[in-house]
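I opened this entry to keep a record of what I looked up in one model. The notes run from the whole chain down to single residues.

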Amino acid sequence: MSVQSAAADVDVDLRQLFASLARNWLRILLFVLVVTGLAFAFASLATRHYKAQTQVEIAPRESVYTRPAGSNNDGDKPILDEQGVATQVQIISSNEILKQVAQKLGLARLPEFDETINMSSLSRMLILLGLKNDPMDIPADERVLKKMREKLNVFGVEKTRIIAIEFSSEDPKLAAAIPDAIAAAYIAGQGAAKSESNTAAADFLAPEIADLSKQVRDAEAKVAAYRGQSDLLMGGNNSTLATQQLAELSTELSRVRANRAAAEGTADSVRKALQNGGSLDSLPEVLSSDLIQRLRERQVELRANIADLSTTMLDNHPRVRAAKSQLADLDAQIRSEAQKVMKGLVMQADAAKARENQLVADVNTLKAASAQAGEQQVGLDALQRDAAAKRQQLELYLTNYREAASRQDRNYVPVDARVSSPASVPSEPYFPKVGPIVGAAAAASLLLAAVFTLLRELFSGRAMRPATGARFAPIDEVAMPTTARQEPAAPLEPAVRLEPAVASEFANGDAGASWPETVAESEMTVRAQPIAEPEPATEPEPAAQAEPVAEAVSAAEPEPVVEVQRPRSVLGEIDIEKAAEKLIASGAARAIFVSPEGDEAAASAVLVAREVSDAGLRVLLLDLTASGAASRPMLDSGLFPGITDLLASQAQFSDVIHADLYSDCHVIPVGTADPVRAMRAADRLPIIMQSLTTAYDLVVVECGPADAQGISRLGGDATEVFLSMLEPDDEVTRAAVKLIESGYPDLTLVTPLGHEPPGTPGRRSAA
């Protein structure tokens, strides 16, 4: 029976683990004291370093009273965002400023900044041996700059426009003097840069102003000459004379056309009134005539007289008839005068039409002249724009030149930076801090010593105890014979082996006897020696006590060999149910089936796999037969990709694993790849088996009529080997004997005959 490792059935005894700290407290304390003492000595003997800081504010320094007139000075403002401050930080830490400070303070003469001064003998020896670079190979200025950069820290204060300049040195006065000198050099450099910019601007503007003055004169002269040649006389509203006349004629033409239209309309109204015999009282032009107004008044008087006479006289009275005759004459005179008014209106309309025609002709003439003047005006406008642009540029240059010249003469160049906080001489060193260093060393050493002690206790196994509820598989203890004297250790033999008589009986077994009877009649002779139970670990006995025991053992008489007869089946159980129970009880991870009788006997592997799968375990059957006899009844086809495709690198695990049609078992068939090509990668089988046993509780492998060498790649920890049998013939017997002799003494015989799968009455096998 195979035995699984119980290394995972242990727990860590935390009480025992942390008790090791109390047992080793003296060792931990000594380690902490030594490390703390070394840290204290280092902090006490280390060179003191002092640090000072100067703060520079980046802000516009231009006064509101000195800005150029009409300018908001936006172009001269520095960039005050994060990028602008970062740029100024780089300028402050530039080599040029650091060189100026080093020369001003004479840093090259100090050993702190030039290690070639007062070089120790040890350093010289290391240089001669090539273990250290020779500082003399580097120029003196670069050596000083390198040391200054190591001690210098320039950074922008967060969310402000202030730049901090920090410097550390062994001399506290020098630590304060260097950042102040760097700030002063930076401000002086900014002022020099502005002064140089003003001087360069004045030198550039002077000749440019002279050239622009000449160009402005030439441009204005071209404008005047072009206007005279083109006859572009300017009228009112800054327009040419032709354009102005065209506008006036257009206005007159509109007025004449309106008068003509009004006269024609009035004449037409009078004509219609006269033709239709209508009243003329509604026509303003008729009523505006003085003669018609007098006639109308006379007509009113006659009508009044006729009305008076009619009260006393009849219509045929001479006086009444005379009055009516006069009234008729007045109507005729009024109509005659209306016709005269109509003729006057017609004549007025004709005159307006003639005037309109004349104006239209004049307008057309002026249109042509105005179009020609417009084309000439385009050229004139171009010349005027050029002259105006040059005049504007000249005025700007003159203003800037006067500003630059005045600042240059008075030497007034405001710098957009100032020292907001000069450095002060530090009174306490920033390194080393004795208290923090000693405290950190004590805490770190205590932690390291505790961790080391706990790990040593854990790896020694003394802090391990059996897990609660852990069960170990029972192991058959077989007694070994007692020897009279100590001999060299011999290789371990199997706990169970076949005697020569039994092997001969297997090799020459009677074909007529049944296989179970042959197995029952065979007996296994076991040589056994009682194995003492393991005692608790105790202290080793002294050598004086061990010597008498050794002498007593060497002087003892050899004990006789005890022959123990144990009637048991050499090949184990022979039915499907017991085979499945054995695999489940033993916790086997692999079950290898050998079928010497061919494809029909492969049904044992299928039935056992299904039986174990029905018990709730994750089971996979791997078909390594040539014909696919084990996987075909589970998939009803042999065209699925399988183990040959996996070995030939033509498929992955997810492509070759298929589900059994009649159970929860999974199966990997033979596959469709070239078997010859697949067998070239047979060395990958152990890796594939290891991967499958990691994913499944049990991997059942059907190998067909394979021998011990053929199944050697498939074995491993927790492996059971089964021999599938249909008929107890000589072929099965020889195969069993060869497997036992080749190192598989725990071989188990399985037969599918008589097995009835649950739920399928009358079905005998998976095939």
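The model is a predicted one.

**Entry 1. Whole chain.** I looked up the secondary structure and found 23 helices and 15 strands in the protein chain. I then checked burial: the chain has 767 residues, and 34% of them are buried.

**Entry 2. α4 against α7.** I asked at what angle helix α4 and helix α7 pack. Helix α4 covers residues 95-105 and helix α7 covers residues 172-229; the angle is about 125 degrees, and the axes are 9 Å apart. α4 is therefore oblique to α7, since angles over 145 degrees would count as roughly antiparallel and 65 to 115 as roughly perpendicular. I noted the crossing of α4 past α7 as right-handed. On the α4 side I listed I97, L98, Q100, V101 and L105. These meet A177, I178, A181, I182, A185 and Y186 of α7. Sorted by class, this contact has 10 nonpolar residues, 1 polar residue and no charged ones.

**Entry 3. A183.** I stayed in helix α7, where A183 is placed. Is A183 buried or exposed? Its relative accessible area is 0%, so A183 counts as buried. I looked for its contacts, leaving aside neighbours within four places in sequence, and found T54, V56, I165 and V419. I also checked A183 against A417: the two are 234 residues apart along the chain, and their C-alpha atoms are separated by 9.5 Å.

**Entry 4. α12.** Helix α12 runs over residues 434-460, which is 27 residues. From its first C-alpha to its last I read 39 Å, close to the 39 Å expected at 1.5 Å a residue. I listed the buried residues in α12 as V438, A441, S445, A449, A450, T453, L454 and E457. What do the buried residues of α12 pack against? They pack against α1 (14-23) and α2 (25-45).

Entry 5. I went back to the loop between β5 (418-421) and α12, where P432 is found. The peptide bond joining F431 and P432 is cis, with omega about 0 degrees. I marked this bond for the record because most peptide bonds are trans.

Entry 6. Helix α17 takes in residues 603-614. Its 12 residues should span 16 Å at 1.5 Å a residue, and I found its end C-alpha atoms 16 Å apart, so the two values agree. How many residues of α17 are buried? The count is 10 of 12, and I noted α17 as mostly covered. The buried ones are A603, S604, A605, V606, L607, V608, A609, R610, V612 and S613. After α17 comes G616, with a positive phi near 105 degrees.

**Entry 7. α16 against α17.** Helix α16 (residues 576-586) packs with α17 at an angle of about 55 degrees, and their axes are 9 Å apart. The two helices are therefore oblique to each other. I recorded a right-handed crossing of α16 past α17. From α16 the contact uses I576, E577, A579, A580, L583 and I584. From α17 it uses S604, L607, V608, E611 and V612. By class I get 8 nonpolar, 1 polar and 2 charged residues for the contact of α16 with α17.

Entry 8. K159 is not a glycine, yet its phi is positive, about 60 degrees. I placed K159 in the loop between β3 (152-156) and β4 (162-169). Its relative accessibility is 81%, so K159 counts as exposed. A718 is not a glycine either, and its phi is also positive, about 60 degrees. A718 lies in the loop between β13 (698-702) and β14 (719-724). With 16% relative accessibility, A718 counts as buried, because the cut-off for buried is under 20%.

Terms used:
Residues numbered from 1 in each chain as written. Predicted model: local features only at pLDDT ≥ 70, side-chain atom pairs only at ≥ 80, totals over all residues. Heavy atoms only, no water. Axes fitted to C-alpha atoms, helices over the stretch in contact; angles between N-to-C directions. Helix = DSSP H or I, 4+ residues; strand = E, 2+ residues; numbered from the N terminus. Parallel < 35°, antiparallel > 145°, perpendicular 65-115°, else oblique. Left-handed = near helix turned anticlockwise from the far one by under 90°. Contact = heavy atoms within 4.5 Å. Nonpolar A, V, L, I, M, F, W, Y, C, P; charged D, E, K, R; others polar. Expected span 1.5 Å × (residues − 1). Buried < 20%, exposed > 50% of the residue type's maximum accessible area, 1.4 Å probe, protein only.
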